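Subject: Structure for your review

Dear colleague,

Please find below the structure that I am handing over to you. My notes on it follow.

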Amino acid sequence: MIKQNLHTHSQYDDGKDPIDQIVRKAQELGFTILGFSGHGYYPVDDTSMTPEKTKQYIQEILQVKKQAPKGLTIYLGIEEDSMCPIENVQDFEYVIGSVHYLKCNGKTYPIDYSQEKFNEMLEKAYGNDIYALAKGYFEAIGKQAENTNIQIIGHLDLIAKYNEDQSYYRFDDPKILGYAKLAIDKLVQSGKIFEMNSGAMSRGYRKTPYPSVELLKLIHQANGKILINTDCHNKEYLDYGMDLCLKVAKEVGFTTLEMFNGKNFESKPIEEFFV
């Protein structure tokens, strides 16, 4: 049986806990695979790892890998922001590619820093036109298809972080789904893997994971591949929401999930995964 999370943050970036405590918690929770994915350096993002911190992060993960508890395999990953590609990509075993910022009219706006900042971006950059914002966002997501650094697409619909009540847009809005489908099709064709991500659930923003069921259906229709991650920033939530992700994935029709083996990803029967 497989219990895997490849999206984990620590005190090296904006996570709460040191590496060793996260590893102990993973062992307690019965994980078989744990991947760390600190935020790659981006000067605009003060929660990202500086070059010096990145070196320390790499050294500690490599040491922890050697001392991993029996039954738990640890991997060294990184989360790359679309605005700042990782230069030393060869140092990492896998890379998650995420769009955390949008650039409009020469100014860079954070997507998920706070709802206040999101509203500011919507108003000042996009004239309160949510369709314009969504189009710009999913175009940025689609460009990740060209990024050879990354294997996993992080939180596909991050613009929905504050949209639990669907006050910004309906999850089944045909126009939004059209923008998303263009990106999804490009990403599937380039072999990218989509994560189901419960991070906004554990932090109280959403009751359902990224991506929405509607987008998950589009991924399934396009024969896309998925895995389940928790985007953990607090070890107490290391497996938060994984049960719901697994349930939803099965309901949508997925029969396999992706497992990382240290070199590449393998499709495994969904029944082999437990949460």
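At roughly what angle do the axes of helix 7 and helix 8 cross? The axes of helix 7 (residues 213-221) and helix 8 (residues 242-252) cross at roughly 55 degrees and come within 10 Å.

Before I continue, a note on conventions. This is a predicted model, in which local features need pLDDT of at least 70 and side-chain atom pairs count only at pLDDT 80 or more, whereas totals for chains, interfaces and linings use all residues. Residues are numbered from 1 along each chain as its sequence is written, and side-chain values use heavy atoms, with hydrogens and water left out.

Helix packing

Two packed helices are described by the angle between their axes and the distance between the axes. Here helices (H or I, at least four residues) and strands (E, at least two) are DSSP runs, numbered from the N terminus. Axes are lines fitted to C-alpha atoms, for helices over the stretch in contact, and angles run from 0 to 180 degrees between N-to-C directions.

Helix 7 and helix 8 are therefore oblique to each other. Angles under 35 degrees count as roughly parallel, over 145 as roughly antiparallel, 65 to 115 as roughly perpendicular and the rest as oblique. The crossing of helix 7 with helix 8 is right-handed; a crossing has this hand if the near helix is turned clockwise from the far one by less than a right angle, and is left-handed if anticlockwise. From helix 7, Val213, Leu216, Lys217 and His220 meet Val248, Ala249 and Val252 of helix 8; contact means heavy atoms within 4.5 Å. The residues of this contact comprise five nonpolar, one polar and one charged. In this scheme Ala, Val, Leu, Ile, Met, Phe, Trp, Tyr, Cys and Pro count as nonpolar, Asp, Glu, Lys and Arg as charged, and the others, Gly among them, as polar.

Helix 7 also packs with helix 5: their axes come within 10 Å and cross at roughly 40 degrees. This crossing of helix 5 and helix 7 is right-handed. Leu177, Ala180, Lys181 and Ile184 of helix 5 make the contact with Glu214, Leu215, Leu218 and Ile219 of helix 7. Its residues divide into six nonpolar, no polar and two charged.

Backbone geometry

Most residues other than glycine have a negative phi, and most peptide bonds are trans. The peptide bond from tyrosine 210 to proline 211 is cis, with omega near -15 degrees. Proline 211 is placed in the loop between helix 6 (199-202) and helix 7.

Histidine 155 has a positive phi, near 20 degrees, and belongs to the loop between strand 7 (152-153) and helix 5 (174-189). With a relative accessible area of 3%, histidine 155 is buried; buried means under 20% relative accessible area, exposed over 50% and partly exposed in between (1.4 Å probe, protein chains only). Aspartate 231 likewise has a positive phi, of about 50 degrees. Aspartate 231 sits in the loop between strand 9 (225-229) and helix 8 and is buried at 5% relative accessible area.

Buried positions and their contacts

The contact lists below leave out residues up to four places away in sequence.

- Serine 98, in strand 4 (residues 94-98), is buried at 0% relative accessibility. Serine 98 touches Glu79, Glu80, Asp81, Ser82, Gln144, Gly154 and His155.
- Serine 37, in strand 2 (residues 33-39), is buried with a relative accessible area of 0%. Its contacts include Leu6, His7, Asp13, Tyr57, Glu79 and Ile96.
- Isoleucine 176, in helix 5, is buried at 3% and touches Tyr131, Ala134, Phe138 and Tyr169. Isoleucine 176 and asparagine 261 are 85 residues apart in sequence and 35 Å apart in space, C-alpha to C-alpha.
- Leucine 122, in helix 3 (residues 115-124), is buried at 8%. Leucine 122 is in contact with Gly127, Asn128, Asp129, Ile130, Leu133 and Tyr168.

Cysteines

How many disulfides are there? The count comes to zero, a disulfide being a pair of cysteine sulfur atoms within 2.5 Å. Cysteine 245 is in no disulfide, and the nearest cysteine sulfur, that of cysteine 232, is 13 Å away. Cysteine 245 is buried at 0% relative accessibility, and cysteine 104 is buried with a relative accessible area of 14%.

With kind regards
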